[in-house]
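Hi,

Here is the structure I promised to pass on. Have a look at it first, and my notes follow below.

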Amino acid sequence: MPRTANRIELPVLAPLDRGAGRLGRQLAQQLRDAIRAGALRPGDPLPASRHLAAALKVARGTVDEAFELLVAEGWLASKAGAGTAVARPLPADPPPAPSAGAAGFARPLPAAAARYAAIATALYPLPAAPFAISVPAGRVAPDDTWRKLSNRVRASRAAAPAGYADPQGLRPLRAAIADYVRKARSVACEADQVVITSGTQQGLHLASAVLLGENDQAWVEDPAYVGLTALLEGGGRASRIVRVPVDAEGLQVEEGVRRAPHARVAFVTPSHQYPLGMPMSMARREALLAWARARNAWIVEDDYDSELRYAGHPYPALQGMGGRQVIYLGTFSKILFPSLRIGYLIAPPDLVTAFRGARITMDRHPPTTDQHVLAAFIAEGLLDRHVRRIRKAYSDSRLALIDLLRAHLPADLAEVQPIDQGVHLLVWLHAAIDDVALARRAAEHGVAVRPLSVTYGERGGLRRPGLILGFGGYPLDKMTQAAQKLAHLIRDGARGD
């Protein structure tokens, strides 16, 4: 088989100034500048001298002169049969004086950029170590089934790359989701109301873009999912967020009416309040729907892990009680795996076109291949079977973690609060402990937890220190070691160490 030459391009090089002469020296200086700037890095290969000479329209000897000079200076390395490459390590060379463009990075960030930079820090993913949330249980992951199904779908060429796809997502997947949520969550919808998203975060982004005007207020639970509050604050809506406290029955609707009766949207987690875990009572659900109907307002229902309930009868989705006022969000991140990046939004019929438009402006349409696989996974009953398996596995992990924490954590400094649904539980901390600093120290010791206090909207009153711990995919020995480390860190935190 004939060997194909590896033609390396160097677009970083500018045309040489023939009027100035000394073309070899000019080329050498351009290469030095490219290496200093990082456009060429240690180990990067350079084109063969005859190819570079042809591209620059100079004699091959001009390129050889530049290469030989830079090899002698230590910038390049040349080896017979291997060609010429940027040297490892580079010679010591003082950095060039900062240019006016580089100095610009010292300027204060624009307000929006500063907000998004803060979000990047707050929402940085935790490593897959106890007790990070949403790490799937490997022992019950559908790896083999998913792989076989993927191979079958790809072999059928149904998922082969093609042109632009439907912004709402693949119709067979939307039909499968509509059927699934009807049976599993009492959601009333048709396939045409389903919009495929990349997960709950994108669903929240679409909902805020479609439903909120420039001066509209939004009810947000207190405490709430940081991804939601970061989204609204990042979009410059911090002053429009109305934090509404929750209690044992969920969102305090009367308090929301008192604080902002004309709010346009209420963002809620009624099946399993995040992060505290209680479901919204039926009386509160009816009150919330009555408010939305009376004010022509919208409710965004985040039903993020409703399938994973371990005790008691699950509440049906709020959407099934008042579909024309409710935008329903679901995701497969918790019950399958986060890297799948497939969720869904179910819109009232009169808003579907608006959500299609918003979806187009965001990323045109979702990738198609995994949509085909997931559609078959749901339609063939494999998702129902998988949910039954992980519910049992996560229930066992949950009970094991509760026992471990109660055995190891100091009872006078930490109180474990079991939650009957989802893949996380809470540890309330003594008021003197800084949970943000504790979470940071825990990360340094290989323990991944989230601080609870940052989910509250105000420093006084409701805000309490605590930790959010996930229990999805960790074996007992790893959880035991992490619980022991966490106990020591909590004691140190109480002493102010």
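Helix H7 (residues 171-185) packs against helix H13 (residues 369-379) at an angle of about 35°, and their axes are 8 Å apart. Axes here are lines fitted to C-alpha atoms, for helices over the stretch in contact, and angles run from 0 to 180 degrees between N-to-C directions. H7 passes H13 in a left-handed crossing (the near helix is turned anticlockwise from the far one by less than a right angle). On the H7 side the contact is made by Pro172, Leu173, Ala176, Ile177 and Tyr180, and on the H13 side by Gln371, Leu374, Ala375 and Ile378; contact means heavy atoms within 4.5 Å.

Before you go further, please note that this is a predicted model: local features need pLDDT of at least 70, side-chain atom pairs count only at pLDDT 80 or more, and totals for chains, interfaces and linings use all residues. Residues are numbered from 1 along each chain as its sequence is written, and side-chain values use heavy atoms, with hydrogens and water left out.

For the overall picture, the chain has 16 helices and 14 strands (DSSP runs numbered from the N terminus, helices being H or I with at least four residues and strands E with at least two). Buried residues make up 49% of the 497 residues, where buried means under 20% relative accessible area, exposed over 50% and partly exposed in between (1.4 Å probe, protein chains only).

Now to the aromatic rings. The structure holds seven aromatic pairs (rings of Phe, Tyr and Trp, the last by its six-membered ring, with centres within 6.5 Å; planes under 30 degrees apart are stacked, over 60 edge-to-face and the rest tilted). Tyrosine 274 and tyrosine 304 form an edge-to-face pair, 5.8 Å centre to centre with 85° between the planes. Tyrosine 274 lies in the loop between strand E7 (265-268) and helix H11 (282-295), and tyrosine 304 in the loop between strand E8 (298-302) and strand E9 (326-331), so the pair ties together parts that are 30 residues apart in sequence. Both tyrosine 274 and tyrosine 304 are buried.

Leaving aside neighbours within four places in sequence, threonine 331 is in contact with Gly199, Thr200, Tyr304, Ile342, Gly343 and Tyr344. Threonine 331 is buried, with a relative accessible area of 5%.

Happy browsing, and do write back with any questions!
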